[in-house]
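Try each task yourself before reading its solution.

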Amino acid sequence: MKGAQSVNVRHILCEKFSKKEEALEKIRNGAKFDEVAREYSEDKARQGGSLGWKSKGELELPFEEVAFSLEQSTTGNPKIGEAKTGYGYHIIMVEGRK
């Protein structure tokens with residue numbers, strides 16, 4: 001798991017903490033990550049939260065630290081992490097590592 005130089009990452013971006021908590025609750029109750037991302041994320045991409053492959057140094061540090069520490073998982077059974085950046089509150093999952 002350690003030593004990955006890039007991750008295939010998805011996120012849900014919410015400006016408000018309360019909205020992020022609502023999205024988290026849906027995921028914890030079994031909703032698929034990409035479906036919750038389409039409904040809740042305020043990111044312009046809105047493609048199920050996909051940011052694609054990102055290398056170390058491309059993301060804001062709080063986001064990057066979480067993304068590179070997460071286990072690889074699927075949208076149906078996501079292993080999630082959280083970070084706060086200048087953009088807002090993020091729920092993060094990683095689909096691939098290399």
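The exercises below concern a predicted model, and they go from the sheet to the helices and then to the rings.

**Exercise 1.** Work out in which order the strands of the sheet lie, and which strands form its edges.

*Solution.* Begin with the whole sheet: it is open, has 4 strands and runs in the order E2-E1-E4-E3, with antiparallel pairing. Next, look for strands that pair on one side only: these are E2 (50-55) and E3 (81-85), the edge strands. Then zoom in on one pair: strand E1 (residues 6-14) joins E2 in the antiparallel sense over 5 bridges. Here Val 7 stands opposite Lys 54 in E2.

**Exercise 2.** Find out which strands each helix meets.

*Solution.* Take H1 to start with: it lies across E1, E3 and E4, at about 35° to E4. Now turn to helix H2 (residues 33-40), which packs on the sheet and touches E1 and E4. The direction of H2 makes about 45° with that of E1.

**Exercise 3.** Classify the 1 aromatic pair of the structure.

*Solution.* The ring centres of Phe 17 and Tyr 89 are 5.5 Å apart. Their planes meet at 75°, and angles over 60 degrees count as edge-to-face, so the pair is edge-to-face. Now place the partners: Phe 17 belongs to helix H1 (residues 17-28) and Tyr 89 to strand E4 (residues 88-97), so the pair ties together parts 72 residues apart in sequence.

**Exercise 4.** Identify the lysines that lie over the faces of Tyr 89 and Trp 53.

*Solution.* Over Tyr 89 lies Lys 84, at 5.0 Å from the ring centre. Over Trp 53 lies Lys 98, at 4.4 Å from the ring centre.

Key. Residues are numbered from 1 along each chain as its sequence is written. This is a predicted model: local features need pLDDT of at least 70, side-chain atom pairs count only at pLDDT 80 or more; totals for chains, interfaces and linings use all residues. Side-chain values use heavy atoms; hydrogens and water are left out. Rings of Phe, Tyr and Trp (its six-membered ring) pair if their centres lie within 6.5 Å; planes under 30 degrees apart count as stacked, over 60 as edge-to-face and the rest as tilted. Helices (H or I, at least four residues) and strands (E, at least two) are DSSP runs, numbered from the N terminus. A charge sits over a ring if NZ of Lys or CZ of Arg is within 6 Å of the ring centre and within 35 degrees of the ring normal. Two strands pair if DSSP finds at least two bridges between them. Contact means heavy atoms within 4.5 Å. Axes are lines fitted to C-alpha atoms, for helices over the stretch in contact, and angles run from 0 to 180 degrees between N-to-C directions.
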